[in-house]
Every structure is written in structure tokens, then in C-alpha cells.
Amino acid sequence: MCLNCCAPLLLGSLLWAIIPLEALPSPDEVNSLDARNKITNATAANVTLEETIFKLPSDIDEDELLHEMGLFMLGIMNLQVNPCEDFYEFACGNWKNSQRVPSVGRKDSFLHVIQKEINDLMVGFLKNSTKDSKTAEGKAKLFYSSCLVGGKDFSASLKTLLDNEEEVFSKLNLTGKNDWLVVNFMSPYNIYPLLPMSINYSTYSRQFEIAINLPNSVLESYRNSSQTEEFLKSFGDLASEFNTMLEFERNLTSKTQRLNKTERVTLEEFLELHQGDVIDWPQLFNEAFGENTQPEWYVNNRIANFTNLEKFLRKSPIDTLRNYVKWRTLLKFYNIWDMEVQNDDKREQICRQHTESYFTYALLPWFIDNLYDAERREDSLKVAQSVLDAFLNITDRYPWLDEDTKSHISSKLQAMDIMVGYRDDMRHRDLTDQIYSDVNMTTDWFNNLMILEANHARLRLHSVHRTVLPPLLSPFSVNAYYADYINTAFVTMGISQMPLYHNRLPASLKFGGLGMLIGHELAHSLDSNNYNMNYEGKNYEWQSASQRHFFERIRCLENQYNKFIYRGIQTNGSLTMPDNIADNAGARLAHHSYRHCYGHLEGERKPLPGVNFTNNELFFIKMAQTWCTGRDDSYKVHHIRSDAHAYAEFRVLGPLRNMPEFSETFKCRLGTQMNPLKKCVVW
């Protein structure tokens, strides 16, 4: 199959927010007996955990792939349920009991099970020991192995940190003038707590910029913790300093006030504007960056006046300033160490998380070779491009949008970037080896941690004014993301895995699963938060008539989701609105892309051996099964009360109730639960 760009779509059904009676399918009889008849020769063979579809190899034979996919999809369905009454229960009702689902995943969600499988594969790779400590992969494995066995005794780690701090302090050039500036930058781990400075990515300039921040209360949070006593025990004799440092921090944080509006100017302008300050700014920037500063760098200052702060720091004893910087450094590493110790039973996964974080690029070639080859990446990109083309066609055909607004929307969608998987050069091991050439690992986990944190801080200081996009998602995560400030959708390698996606699956399953999720992210570009941002991430005003129609459609959707209630807990249609828009539009975009490119040719074919569902039906089943979950009631109630996403089953019921194409496919009579009279369509 070829996912070529599709010609303009005939999307008349999308022009209605309220669907008239005559546009709906005839009320042919459909019930759960018809659904049960969809099974022909599929068997309910016993399956062991090792044989589940989540563990199938990427290079599986196509016939076996389709056979296993059919068994899996049928195995998690509840065919006793009428699909026109509750399609979520019909598609996912046997998730908790299915032998086709790993036992540990039956109380979890479909996407989380995929993530767990990827995590386990990564652990298996990292545990495969190597004597090679010079390549990026070898360094990652050495760090992982050191993490597994090291760090359990914090006293040893504490001594290492204190010895390192003593060495650094002994080399400081303290002259008696502005020594607090020198001490502020003594930590090699990006910790500057006396006058905090950070290097942050600016969504406005799309570059890294300098930020000057107010001192903040860090030690206070430990004093108020229920585990304060245990925390202090970890520091031995050093704990006697805690109250003194806490009092110092309280004084420190009282010496500044926040500006009403952040002052954003170039470094050259900042030095000119603040040349009368009591702080020696040229020395401060020299301590931070050496002689590498550039006048065009941007500085974001959030402090209204520096006089009281400078006076307090100038009069404070150097030992006190040093000790506070030391404590802030210790706390940074204590948090990492504590995560290890408190979760010792999960140490393999905690160490995997750390390794993925520090060695992301080092692990890419292995992941690409084994789980995301060029063919899969190319196919995923074609799915994404096809869905984006559908979005362009849909918005161009809406009569309620004026021409000027259509033009803005078209420009935004045409300018959108879709980043799928990885950059081409990142699959080459010689490049990843070069990236980590300055990092040398040992068998000492805490020493490795110090090396990596210092390296990260050094790289961050060298990133000022560089147009480098920071990692928004781990490439190994089962997720996707739309970044409004750069008008870019990110599709990870992790999300393009079985059983959500395989490049040899029928188009109906590709678009019903991966295509729907990609459509969801693309639709965020025009959700209730981002609809009035142009392709540069800047605001533009819609004409009043178009904006009025837009919000009328949103209110229709909000009222619809407010009616989703579980155990007396009402879904918050306002809180969940951006993702409700994306869920509805994502399903619709994926379906129209699939139907236009393939539905007319393949829609009535039955591609899965022994499964008597057509491609047109499988699209919607796959879409629903992407949200299958076995979470318990307490989780469900908590989610409905607090999460920005509607609960899983409502993410199925909401979009499908608004799609006449679904009712037509499953022959749902008007007035059934899945085919209500009133339908809400935003995009």
C-alpha cells in the first residue's frame, strides 16, 4: 500500500454542527448478535505472556502479523454488547480478562502497556554488558550497570561531593571584593542560588536566553516534609548546619521583589540600563560565561531592585555563602539518590530512566535498528502528511469561516512541521560517539552522576543564543506532542510500535490508531487555546462572525461532554475542551484521510484472517481500542475530577457519537446512544 498525498476530499458531512434527519442512515436493525456473527474461524487459543502481540518482533511475517492482530482485537472485545449502544464496551469490554493482554497490563491502559514493553526492551539492551567503554552505547551501559549496584550508601556519596566542593573552593580567586559573586558560581552543576541565573529556551525568540531570577525557598520545603528527620539523618554531622542555612535562606528570599513585567533586553542594553546598580554586572557575566559573552544575547530580568540583596550578600560571611551553595548542591544530588533508594524494588526502571535522560542520543541507533527502521519512519510520515492534507481540505470547505480567517488557517497548516521519529543523522553511531566523546564513565555511579550533571551544566551555559530546540519528549516515549510556539507536531518512535502500528498493517488500522493520534496533535493547532495563533506562534484576530461560530461549536461540545457522568462525578467539559476538540477532530481527520485514500477501494474488504469485520468497521474498532483501559474506579474518579483529558471511554464515545460516518458503518438507528440527533463538530 502507498500512502500518497490525497486529492481534495468530499467532506460535506463536516459542514453541520447539527445533523438533519434526512442526512442520517436508514434504521436497519443492528444488534449484538450481528456483531457476534463477525467471528468466523478465529480461535481462542491459549496465549502465554511471552506470546502476546506486544512482544512480536518488528520483522514479523505479514500473514502472521494479520493473524495475531485479528486474535488480539477480537480477544479484548465484548461481543455481547450492541455497538450502537456502547461502542467502548463493545471494543474494549474484555480488556481486563483477555489473555492477549500481558497480565501486568490488564489493570492499565493500552498505550501504557506498549510503554512498559519498550521500557523492558531497553532494560534488556542496557543489561547486555559490554567491555567497550569508549563508544556512546558502551558508556550508556556502563552508567546503567553502575546505577544498579551503586549509591545505596549516601554517606559515601556525600563524602565524594564534599571532597569535590573542597577542591573547587580552594581554587577560587577570592580578593575581598565581590567575593559573593565568585562563590555564587562555584558549583559546576548549574546551581547559582545567591543570585539565581538560568539558561532557558524562549518560545518567543526560539533561542536559549539568560534569566535572572529571584532567590527561592528550597530548604524550607524539606523542613516541612513529613520525612524531615529521615532526610537529616542522611547528612550525618552536617545536619547540624541545616537550621542555620534555613534561616539564611529565609533572609535571602526576603531581599527581593518581583518586577510586574519581566525586563527582556539584549545583554548590551542590560549593561547600559543597569550600569548604576550596586552589582558589578560585567564581573557577574564574566564569572558565569568567561569572556565568551556576546552583546546580542538576551537577558530576562525578573528582579525589581538589587540594592538590598547585594548589601545582604556583601555583608554575609563567606563561609555562610559557601555553605548555602554547598547545601543547594547536596540537595540536588540527594533528590536523585533518594529516588533510587526509596524505589529500590524498581531500581532497574529508575536506572533506565536516568540512562535514557543522560544518554538519549547514544541509545537512538539501537532503537532505530531494532524498532524503527527507515521503512517504518517513512510510512509513519506518509500517514501524518495524509492526515494534514485532510485538515487543509476540511478547513477550506467550511462555509462559516470567512476568507481571511481561512487564509490564516491555511498558512498555519501549510507551514506546520511534522517531526517523525528522529533526525536522519542521529542513526549513525559515529555521530553519537562524537556527542559523548568528552564523557568518560567509571564503575562508580555517584562519580558518573557528577560527571554527567557537570557536563549538562556546561552544555547549557554554551547554549545561549543558539537556535537549538530542546527535547520536548523522549523519543522512546509512547506519546506525541504539538508545540504551538514553533507550529510543529512531534511523533515519537515509541508511539509507532505494535500493536498500535506496524507498516504492514491494513490502512484501516494504521489510520484508526496512529493516524487518529497524529490527527489529535495536528488539531491542537486550532483548539480553544491555539486557534488564534499564526504559524509563527503570534496572535492574530479572527473576524467576529467566524469567531462567534467557532465558540458556538465549542459550547455545543462542552455541553455534550458535561453530560458524561460517572458515579455522580461530572466531566468538566471546559477543563477538557482543548483535548475534546483534538479527540473529535483527530478521529474525523484520520477517517476522512483513510476513506479518501483507501476506503473506496478497500473499505468492504476483510483483511484479518478469521475476522469478519470490514476495513471500514476495523477503523472504528482500532480507534476505540487505542483507549482501552483496565483502571479501577478510584483512578477513574480521580481522573474525571482532575485531568485535562476526558476519561478513556468518553474519548471514544464523544467523537463517535458526533460522526455520522460511524453510524452509517455500523448501521446505528437514529436515537440510539451512538447516534444521537444532535451532533457537535468543531473541525
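Helices (H or I, at least four residues) and strands (E, at least two) are DSSP runs, numbered from the N terminus. The model is predicted: local features need pLDDT of at least 70 and side-chain atom pairs count only at pLDDT 80 or more, whereas totals for chains, interfaces and linings use all residues. Residues are numbered from 1 along each chain as its sequence is written, and side-chain values use heavy atoms, with hydrogens and water left out.

**Domain and overall form**

An unreviewed UniProt entry places the feature "domain: Peptidase M13 C-terminal" at residues 479-681; such annotations may be inferred rather than shown by experiment. Over residues 479-681 the chain is 49% helix and 6% strand, with end C-alpha atoms 25 Å apart.

The protein as a whole has 27 helices and nine strands. Its radius of gyration (over C-alpha atoms) is 29 Å, close to the 26 Å from the globule rule (2.2 Å times the number of residues to the power 0.38) for 683 residues, so the protein is as compact as a globular protein of that length. The C-alpha atoms fill a box of roughly 90 × 60 × 50 Å along the principal axes. Of the 683 residues, 56% count as buried, meaning under 20% relative accessible area with a 1.4 Å probe and protein chains only.

| Residue | Location | Relative accessible area |
|---|---|---|
| Phe-110 | helix H4 (residues 110-127) | 1% |
| Asn-503 | loop between strand E7 (488-491) and helix H21 (507-523) | 14% |

Phe-110 lies 516 residues from Thr-626 in sequence, yet their C-alpha atoms are 6.2 Å apart. Residues up to four places away aside, Phe-110 is in contact (heavy atoms within 4.5 Å) with several residues, among them Phe-54, Phe-72, Trp-95, Pro-499 and Thr-626.

Beyond its neighbours within four places in sequence, Asn-503 contacts Glu-375, Arg-376, Asp-379 and Lys-510. The Asn-503 side chain also makes a polar contact with the side chain of His-502 at 3.4 Å. Such a contact is a pair of N or O atoms within 3.5 Å, one able to donate a hydrogen and the other to accept it; residues adjacent in sequence count only if both atoms are side-chain atoms.

**Helix H20**

The 17 residues of helix H20 (residues 445-461) should span 24 Å at 1.5 Å a residue, and the end C-alpha atoms are 24 Å apart, which agrees. The expected span is 1.5 Å times one less than the number of residues. At the N-terminal end, Asp-444 caps H20, a side-chain oxygen lying 3.1 Å from the backbone nitrogen of Phe-446. Buried residues of H20 include Trp-445, Phe-446, Asn-448 and Leu-461.

How values were computed: Buried < 20%, exposed > 50% of the residue type's maximum accessible area, 1.4 Å probe, protein only.
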